[in-house]
Amino acid sequence: MPSSQESTDLSLHWFNRLAYLGVLPFVLGLWMQWSGFSFGYVDGRFLFAAYSCAILSFLCGIWWGGALNATGHPARNKLMYLSNGLCLLGWVGLLLYRTPVGLLLLLLCYVFVERMEAYLKPNRRELRSYFRTRTRVTYLVVACHLAMVLLLIAGG
């Protein structure tokens, strides 16, 4: 039976790997938009925006769960309100997916999540690797959003 530290290391290894793999649908959406490829009615822009909204909702759900479980945390109420507000902003971004404004709104939500997590993250040594990965993946996701906005502006 693995020790608690080995189990944590293995879990973080998989969290890190899955976080980077999570960038692939963004890249697929970019490629589809650039190449003009679509799956029936799903074009690259919609795939990209829908996936972006789903991942943003997932991140907001983490905050919601954290707020529910951290009854004594000083930022508990802030996390509850922010998780709901960001999720709704992501939904608006999805509704506006045909415009650069919708994608920029999603991008700003990701930047906000990263900045808030940098501010609120627990100072636990075993989570440093996780948050470092989350920050790097967020930068990749923001770069993908910028690339999609540029594709839309260029008429792609």
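**Close-up views of a predicted model**

Figure 1. The buried residues of α5 are Gly102, Leu103, Leu105, Leu106, Leu107, Cys109, Tyr110, Val113, Glu114, Met116 and Glu117. Helix α5 covers residues 100-120, and its 21 residues should span 30 Å at 1.5 Å a residue. The C-alpha atoms at its ends are 30 Å apart, which agrees with that expectation.

Figure 2. Threonine 135 lies in helix α6 (residues 128-153). The side chains of threonine 135 and glutamate 114 make a polar contact at 3.3 Å. Glutamate 114 is among the buried residues of α5. Threonine 135 has a relative accessible area of 21% and is therefore partly exposed, since buried means under 20%. Glutamate 117, also listed as buried in α5, is 18 residues from threonine 135 in sequence, with a C-alpha to C-alpha distance of 9.1 Å.

Figure 3. The structure holds eight aromatic pairs. One of them joins phenylalanine 26 and tyrosine 51 edge-to-face, at 4.9 Å centre to centre and with 70 degrees between the planes. This pair links distant parts of the chain, with phenylalanine 26 in helix α2 and tyrosine 51 in helix α3, 25 residues apart. Phenylalanine 26 has a relative accessible area of 1%, so it is buried. Phenylalanine 46 and tyrosine 97 also form an edge-to-face pair, at 5.1 Å centre to centre and 70 degrees between the planes. Here the link runs from phenylalanine 46 in helix α3 to tyrosine 97 in the loop between α4 and α5, 51 residues apart. Phenylalanine 46 counts as partly exposed at 30% relative accessibility, whereas tyrosine 97 counts as buried at 14%.

**Figure 4. A cluster of aromatic rings.** Phe26, Phe48, Tyr51 and Tyr110 are linked into a cluster by ring pairs. Tyr110 is one of the buried residues of α5.

**Figure 5. The whole chain, with model confidence.** The protein has six helices and two strands, in the order α-α-β-β-α-α-α-α along the sequence. Of its 156 residues, 35% are buried. The mean pLDDT is 88, and 90% of the residues reach 70 or more. Where pLDDT is low, the predicted coordinates should not be read in detail.

Conventions. Residues are numbered from 1 along each chain as its sequence is written. This is a predicted model: local features need pLDDT of at least 70, side-chain atom pairs count only at pLDDT 80 or more; totals for chains, interfaces and linings use all residues. Side-chain values use heavy atoms; hydrogens and water are left out. pLDDT is the predictor's confidence in each residue, from 0 to 100. Helices (H or I, at least four residues) and strands (E, at least two) are DSSP runs, numbered from the N terminus. Buried means under 20% relative accessible area, exposed over 50%, partly exposed in between (1.4 Å probe, protein chains only). A polar contact is a pair of N or O atoms within 3.5 Å; within protein, one must be able to donate a hydrogen and the other to accept it, and residues adjacent in sequence count only if both atoms are side-chain atoms. The expected span of a helix is 1.5 Å times one less than its number of residues. Rings of Phe, Tyr and Trp (its six-membered ring) pair if their centres lie within 6.5 Å; planes under 30 degrees apart count as stacked, over 60 as edge-to-face and the rest as tilted.
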